[in-house]
Amino acid sequence: MKTTSIPLLLGLAIAGYPVLAAEKKLDISKIDVSKLPSAADRKGVTYAKDIRPIFEASCFRCHGEERQKGDLRLDSLEAALKGGEDGKVIVPGASKKSLLVIAAARIDDETAMPPKPKPGGPGSPGGAGGGRGPGGPGGPGGFGPPPKPLTAEQVGLIRAWVDQGAK
């Protein structure tokens, strides 16, 4: 198999393009996780009470029941823990090693979710697609406006949930 850069594979896979992960987890060790927002101080964070509403507002249109980019579903705890084409994206007890946290924090351009617009590319003003994002009007798949990136507080709550065991 030809050697391909891990960030490229990760970016393609998260964007929903089929990528062979060579039966190994992707190497996220080169990402500077010191840029992650701090984990929230809240105790007893659960998927059902705290995390699902965040995912529902920002992630379900691409990672929900009707659509699963990268074969990743986030609309149930079991599906989120299962992961997708890249394997597990949540490492319970270790938010700094969890691709989901890194992607939601958008600290790396290649893994950022929702994806950061590329200058002159689809989804950027003046780029292909007229600033409406991939899939036509309203962003991916035409499901309304593009999802807003999560806030630092939301990422901090997700970090706390993962660090507390992702339950």
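Visitor: Let us start with Arg73: how accessible is Arg73?
Guide: Arg73 has a relative accessible area of 30%, so it counts as partly exposed. Please note that this is a predicted model.

Visitor: Which side chain does Arg73 meet in a salt bridge?
Guide: Its partner is Asp75, with 2.6 Å from N to O.

Visitor: And is Asp75 buried or exposed?
Guide: Asp75 counts as buried because its relative accessibility is 12%, and the cut-off for burial is under 20%.

Visitor: How many salt bridges does a search of the whole structure find?
Guide: The search finds 5. One of them links Arg42 and Asp50, whose closest N and O atoms are 2.7 Å apart.

Visitor: What about the accessibility of Arg42 and of Asp50?
Guide: Arg42 has a relative accessibility of 43% and is therefore classed as partly exposed. Asp50, at 8%, is classed as buried.

Visitor: Which residues are linked with Arg42 in a network of salt bridges?
Guide: Lys49 and Asp50 are linked with Arg42 in that network.

Visitor: Which residue forms a salt bridge with Lys116?
Guide: That residue is Asp109, and the closest N and O atoms of the two are 3.1 Å apart. Asp109 counts as exposed, with a relative accessibility of 52%, whereas Lys116 is partly exposed at 31%.

Visitor: Changing topic, how many helices and strands does the protein have?
Guide: The secondary structure comprises 6 helices and 0 strands. From the N terminus on, the order of elements is α-α-α-α-α-α.

Visitor: At what angle do H2 and H6 pack?
Guide: Helix H2, residues 47-58, packs against helix H6, residues 152-163, at an angle of about 140 degrees. Their axes are 10 Å apart. That angle makes H2 oblique to H6, because only angles over 145 degrees would count as roughly antiparallel.

Visitor: Which residues make the contact?
Guide: H2 contributes Tyr47, Asp50, Ile51, Ile54 and Phe55, while H6 contributes Gln154, Leu157, Ile158 and Trp161. By class, the contact of H2 with H6 has 7 nonpolar, 1 polar and 1 charged residues.

Visitor: What is the handedness of the crossing of H2 and H6?
Guide: H2 passes H6 in a left-handed crossing.

Visitor: Turning to the backbone, which peptide bond is cis?
Guide: The bond from Met113 to Pro114 is cis, with omega near -10 degrees. Pro114 is placed in the loop between helix H5 (99-105) and H6.

Visitor: Where does Asp71 lie, and what is its phi?
Guide: Asp71 lies in the loop between helix H3 (60-63) and helix H4 (77-82). Its phi is positive, about 60 degrees, although Asp71 is not a glycine.

Visitor: What is the phi of Ala166?
Guide: Ala166 also is not a glycine and has a positive phi, about 55 degrees. Ala166 is found in the segment after H6, and with a relative accessible area of 3% it is buried.

Visitor: Finally, what share of the residues is buried?
Guide: Buried residues make up 41% of the 167 residues in the protein.

Notes: Residues numbered from 1 in each chain as written. Predicted model: local features only at pLDDT ≥ 70, side-chain atom pairs only at ≥ 80, totals over all residues. Heavy atoms only, no water. Axes fitted to C-alpha atoms, helices over the stretch in contact; angles between N-to-C directions. Helix = DSSP H or I, 4+ residues; strand = E, 2+ residues; numbered from the N terminus. Parallel < 35°, antiparallel > 145°, perpendicular 65-115°, else oblique. Left-handed = near helix turned anticlockwise from the far one by under 90°. Contact = heavy atoms within 4.5 Å. Nonpolar A, V, L, I, M, F, W, Y, C, P; charged D, E, K, R; others polar. Salt bridge = Lys/Arg side-chain N within 4 Å of Asp/Glu carboxyl O. Buried < 20%, exposed > 50% of the residue type's maximum accessible area, 1.4 Å probe, protein only.
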